Amino acid sequence: CQCLTKQHVAGHVQSVHQIMRLVLVQEVMRGEWQRVLMVERRVALGIPVVSSYAAATLALFFAIGEVSGTSALLILPSLLAVLVSVWMNFFLYFERRAKKRTSHVDEQKHINQRLT
């Protein structure tokens, strides 16, 4: 939003209010994603949080695009980074899930071998 100039803002006061609300939502979701994934390391909970963060960033991208296409292009790297984060979160979740499943199967085989 800092990339919007006074020239762009003059005729789009209502849009700027919407953009500012979206910036607040996006920042809240970014903070939650950072807390859930990086601090608490809860990958399963991180999926809906990072998905919400991506949706907020996408909405912000389109809202800024209505006012200034150039400004929207400046948001594009952030949007791409969030989409990569969504992919990484899904990948980590399914990778950990597969590891737990194989370790559980190996544990059962070991128990069955001891019993026979």
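This note goes through the fold, the salt bridges and the surface charge of the structure above.

1. **Basis.** This is a predicted model, in which local features need pLDDT of at least 70, side-chain atom pairs count only at pLDDT 80 or more, and totals for chains, interfaces and linings use all residues. Residues are numbered from 1 along each chain as its sequence is written, and side-chain values use heavy atoms, without hydrogens and water.

2. **Fold.** The protein chain has four helices and zero strands. Helices (H or I, at least four residues) and strands (E, at least two) are DSSP runs, numbered from the N terminus. The order is α-α-α-α.

3. **Packing.** Of the 116 residues, 29% count as buried. Buried is under 20% relative accessible area, exposed over 50%, partly exposed in between (1.4 Å probe, protein chains only). Contacts (heavy atoms within 4.5 Å) with a separation of 6 or more come to 63% from residues 24 or more positions apart. The chain exposes about 8200 Å², and carbon and sulfur atoms supply 63% of that area. Areas follow the Shrake-Rupley method with a 1.4 Å probe; for residues, only the protein chains shown count as cover.

4. **Val-16.** This residue lies in helix 2 (residues 13–39). Val-16 counts as buried because its relative accessible area is 17%. Its C-alpha atom is 8.1 Å from that of Val-67, 51 residues away along the chain.

5. **Salt bridges.** The count is four. The rule asks for a side-chain nitrogen of Lys or Arg within 4 Å of a carboxyl oxygen of Asp or Glu. One of them joins Glu-27 and Arg-30, N to O 3.2 Å. Both residues sit in helix 2, three residues apart, about one turn of the helix. Glu-27 is partly exposed at 38%, as is Arg-30 at 35%.

6. **Network.** Salt bridges link Glu-32, Arg-35, Glu-40 and Arg-42. Between Arg-35 and Glu-40 the closest N and O atoms are 2.4 Å apart. For Arg-42 and Glu-40 the value is 3.5 Å. Glu-40 is partly exposed, at 34%.

7. **Positive patch.** Arg-41, Arg-96, Lys-99 and Lys-100 form a patch of positive charge on the surface. Patch members have over 30% relative accessible area and no salt bridge; like charges are joined within 9 Å, nonpolar side chains (Val, Leu, Ile, Met, Phe, Trp, Tyr) within 5 Å. Lys and Arg count as positive, Asp and Glu as negative; His and the chain ends are not counted. Arg-96 is in helix 4 (residues 69–115) and is partly exposed at 44%.

8. **Arg-41.** Phi is near 55°, a positive value in a residue other than glycine. Arg-41 counts as exposed because its relative accessibility is 62%.

Definitions and conventions:
Charge placed at Lys NZ, Arg CZ, Asp CG, Glu CD.
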